[in-house]
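Please look at the model shown below, with attention to how two of its chains meet.

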Amino acid sequence: MLPLISIVLATLLLGTVGTFLAGSRARWVALGTSAVFLAEVALLLASYPGWPGYSSSLVPGFSDTETYSWISVAWLHVDYAVGVDGISLIFILLTAILQVATVVYSWGETHRPAGYFGLVLLTCLGCFGVFVALDVLLFFLFWEAVLVPMFFLIGYWGGPNRRYAALKFFIYTHVASIVMLVGLLALVFYSGATSLDFSAVYAAAGNLAPVVQTFLFLALFFGFAVKFPVVPFHTWLPDAHVEAPTGGSVLLAGLLLKLGGYGLIRWAVEVLPHGFHSAQPLLFLIAFITIVWGSVLSLAQRDLKRLVAYSSINHMGIVLLAIALDSSLGLLAAVLLMFAHGIVSGLLFMASGSVHHQYGTRDISSLGGITPSAPALSTMIMAGSLASLGLPALISFPAEFTAFLATWNGLGYWVLIPLVVLVVTAGFYLWMMQRMLFGEKKGVPLDVHDVPWYEGAGMGLLVALTVLFGILPSLLVNVIVNSPIRGWPGT
Amino acid sequence: MTDLSLPGFLALSAALFGIGVFGILTRRNFILLLISIEIAMNAVILNFVYFAAFPAGTSGLSGQSIAVVLVGFAATEVAVGLAIVLALNRLKGTINVARATELKE
Amino acid sequence: MIVGFAGTRLGRLEWGGWVAVAFSAAAMVLGVLIAVGEAMSPGTYTNVQFTWLHLAPAPGAFPNGFSLVMGTLVDPLSSLMLVVVTVVGFLVMLYSIGYMHHDHGLPRYYAELSLFLASMTGLVLANNLLEFFLFWELVGVCSYFLIGFYYEKPSAASAAKEAFLVTRVGDVLFLLGIFLYFSVYATAGPNGGWAANGFVFVHGASPFLPLPGANTPTLTIAGLLILGGAAGKSAQFPLHVWLPDAMEGPTTVSALIHAATMVAAGVYLLAVASVFLGFTPTDQLAIVAVGGFTAFFAATMAVVHPDIKRVIAYSTISQLGYMVLAIGAGFAMVGLYHLFTHAFFKALLFLAAGSVIHAVGTQDLFKMGGLKKHMRLTAAAFAIGGLALAGIPPFAGFWSKDDILGSVYSVLGTHPDYWPFFLLAFAAVFLTAYYIFRAWFLAFSGDGPRDPSLPTPHEGPWVMQVPLVVLSAMAVVAGLFVFFPGFQNLLLGGAGLPGIPPTFTTTDLALSAVSVGLGAGGIGLAWSLWGNGRVFVLSETSAIQPVRRLLLNRYYFKVGYDWIGLRAVYTISRAADFFDRFVIDGAVRGLERIFAAGSNRLRSIQTGLVSDYAAYVVGGLLALFVMLLIVGPYLLARLGGS
Amino acid sequence: MSVSSFAGPFVPELVLLAGTLLIFLLDVLKVRRIELTGGIAVAATLAALGVVVADLGFAPLAFLATVPASQIDVAPAAGAAPLFAFTSFGLVFQAIFLLATFFVALASVSRPSDERGAPIFYGLLLLATIGMLLVAIASDLIFLLLAIEVVSIASYLLVAYTRKDVRGLEAAMKFFVIGALSTVLSFFGASLLFGAYGTTNLYLIRAAGTAVGYPVLVLLGYGFLIAGLAFKVTLVPFHAWAVDVYDGAPDDVSAFLAGGTKKIGVFAFFLVFLGPVLAVGAVGSSGYGLFGGSVALGASFQITLGALAVVTMTVGNVLALLQKEMKRMLAYSSISQAGYMLIGIAIGTAPALGGATLQVFAHVLMKTGAFLVVGAAAAIGVGPLIDDWRGLGLKRPLLGVSFALMLLSLAGVPLTIGFVSKFVLFSAAVDAQGWFIWLAVAGLLNSALSVFYYARVLKVMFFDAAPAPAGAPAGSVVGGAGPPALPLGGIGYGRAASLAIIAALIVAFGIYPQAVLGAIQSAAYHFVTVGA
């Protein structure tokens, strides 16, 4: 068995270094790396039960695991331990897809391309690492490693207020990760786990008293919640998105937010069931507030990117809700939703970026009638908006449907909150489309042409996937459910 | 040695030490600073000598020998201090420490 | 059978109207064949499906596993509906070739229309509630795009949004209804219940209703929610506001989507639900109430409206109300029968109206006039449609509408609660005849256009005429189909199902006579007020002037919804935004300021004076003593001397 | 005890002493070429380092070992009061000290070869290093304090060695005054402890635990000692001198002070306060309890040291935030780092001490390196302000990359030694459980705060446009009348090598920390169980 995960890591690392050194040819190196990365992920997927058929053979644990001792002293055992299960595979797939899409979309980046593409690859490397890490230190290492390139992406390639946004992003998420780290460490040492390995932590966590579990869960939850982000820890997100370059926004929304959800599932919900259960009411409360808040605030936004950012918050609220339900259906829905949101928000942020490139502004009220002059761009925006508001046959629908069904199953009429918000969500997207795409022409295009081919290709890829997975969600579901999750079928 | 009780001695030593420290805090003249340091140092030496006679468990260095070493050490320290202040005086023409505040914040 | 569905699916990928027409023709042929096949062999149901999403059984969650499936189910209901969809779809597609030829964005138009047809077919053939919902949403979005086809017009874009949002409200109710049914049927019923078999509809003797506890508040609420969903789609009170505004779209779209098919989906949903899910008596009363009230309520608004398409749109709402009424009263197939006939004559009316608009370029009835001289075919077609609508025998509408009234009348004895709604619906017959002929007289009779600036009208090309002719023919004869055994089979195919008595053989002649009389009276009133180019002007001081104004303003529903939808929600969201920026984010920024200020303040202690540094040392020393001598004993007390 | 067996264990010190004497001898003979004196210093340091590493049990160098393994980590016989003892913990610190000296000595070779002060510089450097090595083997409080004084006196002179620089002299003066004050405080504390315990031997003091005749003397004595030693470690509020001294001293001396001599304070802290920290139970039920009460010795030391640690790291970081001068910023960062190290002794468990030692090791690499880069930058004409460094990262990749690595490591970014050391240290804090977890939280939040000023420097170096070259073209030495240009565009081979090694080690140990952590942890374990 090939050490596939290490090979992927090496690929990305080499690709990143190569890109940094490649100067003006960086985009080619980045594209090559992305292609290889995608191929390797395909290989990982292909060797995984459940893809692409309807296999019901369930995997008892992680697959493609590798474990090497890294630090080993009397009281501290850290391993280089990696492995995947269905859930992480889905996120890895998302990483690969978004990396390719981002690289293609950013083909026209002329401002220090080597740095830009290198940082994009580095971000994806970090995300990949988070999704495969099965050791506290390794997990945290990659978790932090994601911040740095994103900080520079925002701070260097961003909009006029980029420094403030980059710093805010960094402060917020860094403080959160610190709390998370303390939580993780406490989890290890208070439970008497023999090492920092996931399996050891998972096995030992049961030793903890319920009260301790609750505290630890809350600490971990705070760390993940900021990444999510949930209200009231969300204010970094709109600022970061507005200022970030398009590629940065795509990765931020598409991947970085997923880290929170993934981390919550993998390291908190699964490991600390008692803590999870006692924190459940809080999670529900936060989730509902987030859902409503994100949606209502989207309605008030004039900047397209801010609008999409707040809608992301709304979606992540649904994800949190689905996770908090503590049901297999809810968990499935959460993972599907995150995948869907990754693709769709990536698409929408790309579209916002293109609007900005074409018209020099993203102010919805100063734009209008884009459709006749830029039909392709308009189509992308429509596709993204419709997918985001949960149109069937597009990727979000199966996810949202299962999420709502699970909510109904778990909470009964509380499902009305996300359902009613669904109308508001539809409302702000439609309002945006009506004002920006349709109606009288407004706004002076900087470039009379439609989007450049590479931007179109990047978005087109995501649109295609939106439709593909919308029609065939089982491609994802069959992988997801093959995961060693407590209460999941097969374990 | 019973003439001087422990509290009484400590008061003496503390007074000596306090005078030295007070001097360090208030003097601006470098030479006076050095003298203040030596006064405080003398309190230390006195302590060692006094405690050497104290009937606690005794092993290792004796108080008297420490005192002798410290006398020597104090001399070295003063020599280095004087060397520094001489050089400073040559460049700045003053030995007032309040005039040497170029490095701050 | 899937081919019909797949064929239209492919159609949306093709550019060019003719390709779309060809595919829709193929779909029509297949659809009709399927229906004929179903009609020839009553009682056979064909179900084909594949798994869409599957979770293995898990203890505690779903003991039989959880699945979602996609499949097609051919049964009398679906085949009847299939005919409507494919035939009208084909005709409208054909008509579009002529009607739309001068518009730009035609590929988009045909693609969207084809997608709509595909989705509609999918909806009709769906074999489970989730799939139904999926296509239900899809037709909604197609409708959104098609209403907003003239997207440069702000009013069109706004109407599209409104339509989507209002139906979305219905969708949410529908979805919640699905969930409620799910909570009843999740593990009960055939094949391990819905969780395991994927929400499928199963034919047979009432698979679910005999379940213990089936007649529970949960089921009642679920039924009401389904009604809410249907009301959204079928523009029933109080979610009716969007349909008149949806007339901003091309007339072809109005004909296909907003008259014949999509709006009928709500009715179809109710029919499907009544067959497969079952309504409780409370639900039935609610459905009857909504249907009967809407039939009358919408008709009143049609009475005064000056826009030819909107008049027809209100009439659509009203007619849909009849169908809902029938289904509520327990006569699902009767409702579908009216749906069937209505589809043809309403499409006819729209297409005829489309011809008029195509010819004169306006939708304002008061600008038209005397068109029958130039457009004989159109005038005739409109008249046929109008007669069918008014329920004048032997036109199609008579048979089906009469059936509805008769059926409902027949159960009034056991359900006296239905009386008021029956009367409302009955009264609406009169209004219907009045408003549609008011429109006819205003448009076609008289000497010439009241607005002289209108262009000289002319008939459309043959592609527009053929559908008019075909639909006219259907409007005449569709009602008579009921006398064919095959068609009877279709309607009776579901007779084994509860609540579908073969009522069309027991029409109450007296009732029919009264209703025809009302219809004729309505036409007469219309003639007397508007015939021969007359224009009836209500005096400003008339006592019914406020009523007119109320009707013209559509009972102020739209104003109210706008206020809720725009003002209230938007204001709240602005306030929330303010809170977000200045309170939540303000706290974050405040923290930053504190650090910066602290850094500046602390810096000033580095004075550069060595004596100060020495003072810090001594101060620190004293602080240490405090720590060791005061905190230490305190700690000892806390730790209990350990 | 025969001469050979007496001298054997002191080979490192003797080697350095020989080097010192040789350098001074050559100075007298007017042989002052920096390549030669520097070479001697580097060679002596390397040799000593080899021996120490061999003593630690590094197999490939076993032939150099001079201390038999049987003499390491052995508790003295009951009642014995040795002045010094060989502990693996001390040897680890010796290695760390020697490493710092090595980097500075190697880098300093790249100074103008005709600099007159070179022999003095190197001589004092080695002298100070001898003192440092002695600190690491001390087992008697007076021995320890005197060894520290050796270092201190050498450092005062090092700061002032140019004799012509006003800033340097002012720094030396402040250094001296505060240093002398601290010395007095330390010795006064020692004298009080002597009064309380009747001995200055650390083994005996630790063994006595809470069984003390005069508890108030103990508390006051330790209070004085903390204050005195805090001077060396630059704990707040005993830190004020450090900023001015690091700023005013020659760059390479700053590197040595921040990277090297400061660490003896840390070791002294570990050595002196491990006893009281680990002491269980109360003192003061009779005798001179200040308020007639008694004191929980261990707990109150832990809380005191913990508070000091938190205050130190916080104040250091907050002050560094808005600092405009590069050296002062580094000085404040150095102060805050001292706070992290102090966490180790506040907790007093073997993991914590090990983690703190790893932090010391990391800090030697990072801070020595950082000041050496500053020296290089100064040598090629970069001003003292952070803003003067604009664009330097791209213009001078060696400086840029190595400085970036050092700053990232200081900030605790993954895959650097700084990350690992913080991770281990804070893990140890959590591992100790109880309220120590809050030390980890404080430390981590501080490290978050510190990221800002490090990131700012990175931003200036890599993102901001370089200032227009004023006069002299970039890359050449500024000032035509100055000394001839050094190779590598004014940086010089020695400094370049030093920086390259540091950068490589930062990454290498960042990726594979086991190489040092294993030795450090086992040493810390012995240190806690056996004692000094």
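## The helix crossing

In this predicted model, α6(A) and α18(D) cross in a right-handed sense. The axes of α6, residues 162-191 of chain A, and of α18(D) come within 10 Å and cross at roughly 155°; since angles over 145 degrees count as roughly antiparallel, the two helices α6(A) and α18(D) are therefore roughly antiparallel to each other.

On the side of α6(A), the residues that make the contact include Phe170(A), His174(A), Ile178(A) and Leu185(A), while those from α18(D) include Ile437(D), Leu444(D), Ala448(D) and Val451(D). By residue class, the contact of α6(A) with α18(D) divides into 14 nonpolar, 1 polar and no charged residues.

## The interface of chains A and D

Taken as a whole, the interface brings 25 residues of chain D into contact with 24 residues of chain A. On the chain D side, α17 (417-431), α18 (436-463) and α20 (514-530) each supply at least two residues, and the largest share, 9 residues, comes from α18(D). This side of chain D divides into 18 nonpolar, 5 polar and 2 charged residues.

## Confidence

For the complex, the predictor gives an ipTM of 0.84 and a pTM of 0.86. Chain D averages a pLDDT of 85, with 92% of the residues scoring at least 70, although over residues 286-291 of chain D the pLDDT is below 50. The pLDDT also stays under 50 over residues 471-482 of chain D, a stretch for which the model has 12 contacts beyond four places in sequence. Where pLDDT is low, predicted coordinates should not be read in detail.

Terms used
Residues are numbered from 1 along each chain as its sequence is written. Chains are lettered from A and ligands numbered from 1 in the order in which they are written. This is a predicted model: local features need pLDDT of at least 70, side-chain atom pairs count only at pLDDT 80 or more; totals for chains, interfaces and linings use all residues. Two residues are in contact if their C-beta atoms, placed from the backbone, lie within 7 Å. Helices (H or I, at least four residues) and strands (E, at least two) are DSSP runs, numbered from the N terminus. Ala, Val, Leu, Ile, Met, Phe, Trp, Tyr, Cys and Pro count as nonpolar, Asp, Glu, Lys and Arg as charged, and the others, Gly among them, as polar. pLDDT is the predictor's confidence in each residue, from 0 to 100. Axes are lines fitted to C-alpha atoms, for helices over the stretch in contact, and angles run from 0 to 180 degrees between N-to-C directions. Angles under 35 degrees count as roughly parallel, over 145 as roughly antiparallel, 65 to 115 as roughly perpendicular and the rest as oblique. A crossing is left-handed if the near helix is turned anticlockwise from the far one by less than a right angle, and right-handed if clockwise.
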